[in-house]
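Reader: I would like a close look at a single part of this model, with the rest brought in only as setting. Please define terms as you go.

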Amino acid sequence: MSILLAQNLSKRFGSIQALDQLELAIDKGVFFGLLGPNGAGKSTFMSVVTGFLTADSGNIQIDGETLDPSNSQQNRLVGFAPQNIALYKELSAEKNLQIFGKLFGLKGKELSRQIDYALEVAQLTDRRKSSVKAFSGGMKRRLNIAVALMHKPKILLCDEPTVGVDPQSRNAIFDTLLGLKSEGMTIVYSTHYMEEAERLCDEIGIIDAGKILRCGSPDSLLRELPRTNLITARASSLSPEQREAIEQFGEVMEQGAALQLKTPPEFKLSRFYQWTEEQGLDASEFQMEQPSLEALFLNLTGKDLRE
Ligand SMILES: Nc1ncnc2c1ncn2[C@@H]1O[C@H](COP(=O)(O)OP(=O)(O)OP(=O)(O)O)[C@@H](O)[C@H]1O
C-alpha cells in the first residue's frame, strides 16, 4: 500500500495552474525524487501534503487515511524541510531544535533524546552549542532537516535541499538522507538536478506544469528513450578507408573537426568495439552519448530541465 497517495490534485494561483490533476503514489521506505524545473509545482505539492496549502480539488491519502490538516496524529507522520530555511539565526542548533520540538509537544527526556538523535543524523552533534548565524549554508540545510525530524515522522519531504550548497555539504546532506532511508523512512526529495535524482532515488516522478509525466525507477525511465546512440570521435583519428567503413554502423555526419555517428536501434556496441580493435583504433577515442533523464525530460516536454 502507498504511504502517500495523491489523486487528481489541482491547485491554482490566479491564472497559474500550479498543480494540474496530479497523480502520484509513493510506497513505504522509498527514496522518491520529484524531478522538474523551476515552477513545475514541486513546492506547491509539498505544501499541500503538509497542510500549509489547501488544494482546490483532489484527494491525498497518508498511510491509507484521507489528509486532514486538523488531525494532529496524521500531522506527525509527515516532516517537512522547506526550501526557505526556517531557523532562529541568533540561537544555537540545540535551542532551535528545542523550540520546534516543544511546538510538537515533546518535553523532558523525550525532547532531549530527540534533540540528540536529530543532531546525530544531521552530523551536527559537535556544533550543538554554536549559533546558527555562524553556520555554512550546508549546515543550515542539515539543521533544517533535523528540525523536520523532531516529531519522528515516517515521511520526510525535502524541498530542494542542495540549492546554493557547496559539493562537500551536498554529500553530507546525501549521507544524512540515505541514513534516514536505511532506517526505513520514506523520503520525498524535490530537485531540478537530474544527477541527484539518478544518484539517490529508487523512484523518480518527472513533474512539469503541475503534472506527473512519468514515474518509475531511473533505469525504467531511461529505457523509455529512443535507442539511438550518438558516437563522437575526432575526424583525424580515422583514415579515409576507416571513415568510409564506419558507415556500416550508421549515419555519419561531420561537425567541424568532429565526426558523429548516429546509430540505429539494432546497433550492436560489441560489434562496433570489435571493429575498432580490428582496425587498431583506440576505443577511448569514441565518446558515447549516454541516455540521461535530462534527455528524457527534453523528449517529454520539449524543454530543458535547467531552463
Ligand atoms: N503563493 C503563490 N502565489 C502565486 N503563484 C504561486 C504561489 N506559489 C507558487 N506559485 C506559482 O505556481 C507555480 C508552481 O510553483 P512551485 O513553487 O510549486 O514550483 P517548484 O517546482 O517548486 O519550483 P521552484 O523550484 O522554483 O520553487 C509557479 O508558476 C509559481 O510561480
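Author: Among contacts in the chain between residues at least 6 apart in sequence, 69% join residues at least 24 apart; a contact here means two C-beta atoms, placed from the backbone, within 7 Å. The model is predicted, so local features need pLDDT of at least 70 and side-chain atom pairs count only at pLDDT 80 or more, while totals for chains, interfaces and linings use all residues. Residue numbers start from 1 along each chain as its sequence is written.

The setting comes first. The chain has 11 helices and 14 strands, which are DSSP runs numbered from the N terminus (H or I of at least four residues for helices, E of at least two for strands). Its C-alpha trace spans about 80 × 45 × 35 Å along the principal axes. The chain is divided into domain 1 (2-224) and domain 2 (229-288), with bounds from an automatic or database domain assignment. The centres of domain 1 and domain 2, taken over C-alpha atoms, are separated by 45 Å.

Of the 307 residues in the chain, 34% are buried. Buried means 20 or more other C-beta atoms within 10 Å of the residue's own, exposed means 12 or fewer, and partly exposed lies in between, with C-beta atoms placed from the backbone.

An α-helix has 3.6 residues a turn, so residues three or four places apart point the same way. Just after α3, G105 takes a positive phi of about 85°.

Another positive phi, near 60°, belongs to G256, in the hairpin of β12 and β13, which has 2 residues between the strands. Strand β12 (residues 251-255) pairs with β13 in the antiparallel sense over 5 bridges; pairing requires at least two bridges found by DSSP. Within that pairing, M253 has Q260 in β13 as its bridge partner. Strand β13 (residues 258-263) also pairs in the antiparallel sense with β11 (residues 229-234), over 6 bridges. There, the bridge partner of L230 is K262 in β13.
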